[in-house]
Amino acid sequence: MPTIAEDLKALDALQAHLFAHRHATTSIMFAGETTDPAEAAGPRAEALATLEEEVHELLCRAETGELLGRLGKAAESGELDETRAAQVRVLARERDERVDVPAAVQADFARLCCEAQSVWTRAKRENDWASFSPYLDRMVASMRAIAEMRRPGKDAYDTLLDDFERGTSRAFYDAFFSQVKECVVPLVAAMRERGWQPSRACIEGTFDHDTQMALARDLLDLEGLRASALTLSETEHPFTDSVCSAHAYIATHVYEDDVISNVYSMLHEGGHAMYEQNVDPSYDRTILNGGVSSGVHESQSRFFENYVGRSEAFAPVLLEALRRRFPGRFDSTSAHELYLAVNRAEPGLIRTEADELTYPLHIIIRYEIEQMLFDGTATAVDVPALWNERYASYLGLEVPSDTLGCLQDVHWSCGDLGYFPTYALGGAYGAQLLDAMRADGVDFDGACAGGELEPIRAWLRERVWRHGRAIDPMPLIERACGAPFDASHYTRYLTEKFSAIYDL
């Protein structure tokens with residue numbers, strides 16, 4: 001029987017191998033989304049499939065199960081410290097999620113995701129849902145089959161929701177979205193009845209691509225990202241990824257006729273990257289590296305995008321950044337005018353461009369369609385009509401094309417069904433984190449107004465970021481806030497903010 005010291009040495013070797021695979025996979029996928037030529041999709045898919053098979057072998061072989069079983073007992077008896085116990089717990093859970101799924105099935109799914117992303121990119125550009133539709137059906141069928149292998153007899157969509165945010169389910173999100181709708185729908189109706197909207201004239205016009213990229217780096221510096229640990233590139237759909245605290249990736253998309261799109265894309269993606277850069281560096285090359293869940297990750301991105309970036313206190317700082325990069329363009333704009341312009345709330349077609357208030361409605365639409373796909377009450381061919389009907393019903397909008405409709409998001413092409421609800425949940429986490437931060441004495445408004453965000457970063461670093469994957473999402477939020485998750489922080493924030501802006 002190996003000693004605990006010998007088992008821990010084997011545990012470290014396993015984690016080092018898994019880190020190497022994660023590093024390779026992340027780098028390959030980032031290149032695929034940013035710099036690879038179109039014809040590279042096939043070879044890239046094969047490389048990712050091979051890496052997936054090797055990860056499966058590392059985690060699911062009998063020796064790994066025996067190792068984690070021995071160390072699990074050592075953790076239960078108090079023979080491991082908190083960090084080692086967390087490593088064993090998270091690795092055992094990841095093994096459990098894979099062990100009943102054959103390696104070939106995992107590899108085929110990796111191939112499918114890579115191929116589907118390539119098809120989606122072209123389909124979006126050409127407004128061609130028909131070309132992507134078969135891939136979505138294959139994606140749903142594959143994910144449903146894998147979920148059944150993992151949790152026989154259990155609801156497949158519940159399994160996926162729990163994957164992205166442990167402890168959630170349809171029942172959880174049904175209750176959460178019901179509470180959100182009770183807040184958002186009356187506010188939107190009251191604003192429509194009032195019939196007034198803030199002007200966006202101050203942020204309209206054409207803005208040079210390269211200057212916008214320079215502004216992007218300014219905003220990342222302002223947020224507090226380490227440029228020496230960051231790769232910034234461009235892609236069709238903005239995203240962030242990371243391999244360790246010393247290397248985060250951000251990809252953005254610049255629209256020359258919409259400077260504010262890139263501003264808030266960078267603040268959003270910068271929030272993701274700050275989380276990754278500020279995980280305890282001792283967790284690098286271990287299973288505890290990285291953000292704990294999609295919902296907590298989105299709480300950080302949307303915190304800096306909205307709670308910081310769209311606050312009235314931050315408006316003068318953002319205005320100065322715009323004036324510096326675009327001399328003369330914003331000289332006659334006041335900070336309050338900018339604040340109103342970037343907080344204009346009105347239904348729109350594009351989720352990533354949506355205001356804070358109507359944003360959850362975009363998520364609810366996707367959540368409802370995903371449930372229908374997994375329940376078998378709809379297939380991919382039905383999605384455009386379902387999408388368009390809901391945009392008319394929930395947002396009062398006619399969708400002119402699938403490019404601006406059901407093809408707008410990358411998520412379904414890369415196997416991220418079940419992810420969308422975490423965007424709204426992350427926004428709600430952020431409101432509760434903000435209230436807890438203020439209760440702890442952080443001068444949030446003062447930090448935003450001065451453009452010195454370190455007090456905000458320090459609080460988040462201590463309570464959220466440094467823990468990586470060592471604490472599960474709901475316990476992490478409860479520890480950070482001193483109370484269990486409560487969506488009323490979010491609904492109260494939305495009600496107070498938009499009632500004040502629109503004088504409701």
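**Exercise 1.** Determine how many cavities of 30 Å³ or more the structure holds, and describe the lining of the largest cavity.

*Solution.* The model is a predicted one.
- Step 1: the space in the largest cavity amounts to about 50 Å³.
- Step 2: its lining consists of R302, N306, Y307, E356, G427, Y490, Y493 and L494.
- Step 3: at least two lining residues come from each of α11 (294–308) and α20 (488–502).
- Step 4: sorted by class, the lining of the largest cavity comprises 4 nonpolar, 2 polar and 2 charged residues.

**Exercise 2.** Characterise the packing of helix α2 against helix α4.

*Solution.* 
- Step 1: the axes of α2 (residues 41–60) and α4 (residues 82–98) come within 9 Å, crossing at roughly 115°.
- Step 2: the crossing of these two helices, α2 and α4, is left-handed.
- Step 3: α2 contributes E52, V55, H56, L59 and C60 to the contact, while α4 contributes L91, E94, R95 and R98.
- Step 4: the contact residues of α2 with α4 comprise 4 nonpolar, 1 polar and 4 charged.

**Exercise 3.** Characterise the packing of helix α14 against helix α15.

*Solution.* 
- Step 1: α14 (residues 359–375) and α15 (residues 383–395) have axes 10 Å apart and pack at an angle of about 145°.
- Step 2: the crossing of α14 and α15 is right-handed.
- Step 3: among the contact residues are I365, I369 and M372 of α14 and L386, W387 and Y391 of α15.
- Step 4: the contact of α14 with α15 divides into 12 nonpolar, 1 polar and 3 charged residues.

Methods:
Residues are numbered from 1 along each chain as its sequence is written. This is a predicted model: local features need pLDDT of at least 70, side-chain atom pairs count only at pLDDT 80 or more; totals for chains, interfaces and linings use all residues. Side-chain values use heavy atoms; hydrogens and water are left out. Axes are lines fitted to C-alpha atoms, for helices over the stretch in contact, and angles run from 0 to 180 degrees between N-to-C directions. Helices (H or I, at least four residues) and strands (E, at least two) are DSSP runs, numbered from the N terminus. A crossing is left-handed if the near helix is turned anticlockwise from the far one by less than a right angle, and right-handed if clockwise. Contact means heavy atoms within 4.5 Å. Ala, Val, Leu, Ile, Met, Phe, Trp, Tyr, Cys and Pro count as nonpolar, Asp, Glu, Lys and Arg as charged, and the others, Gly among them, as polar. On a 1 Å grid over the protein atoms alone, a cavity is a set of points where a 1.4 Å probe fits but cannot get out, and a pocket is an open set with protein on both sides within 12 Å along at least five of seven lines; lining residues have an atom within 4 Å of a point. Grid points are joined across faces, edges and corners, and a volume is the space filled by probe spheres set on the points.
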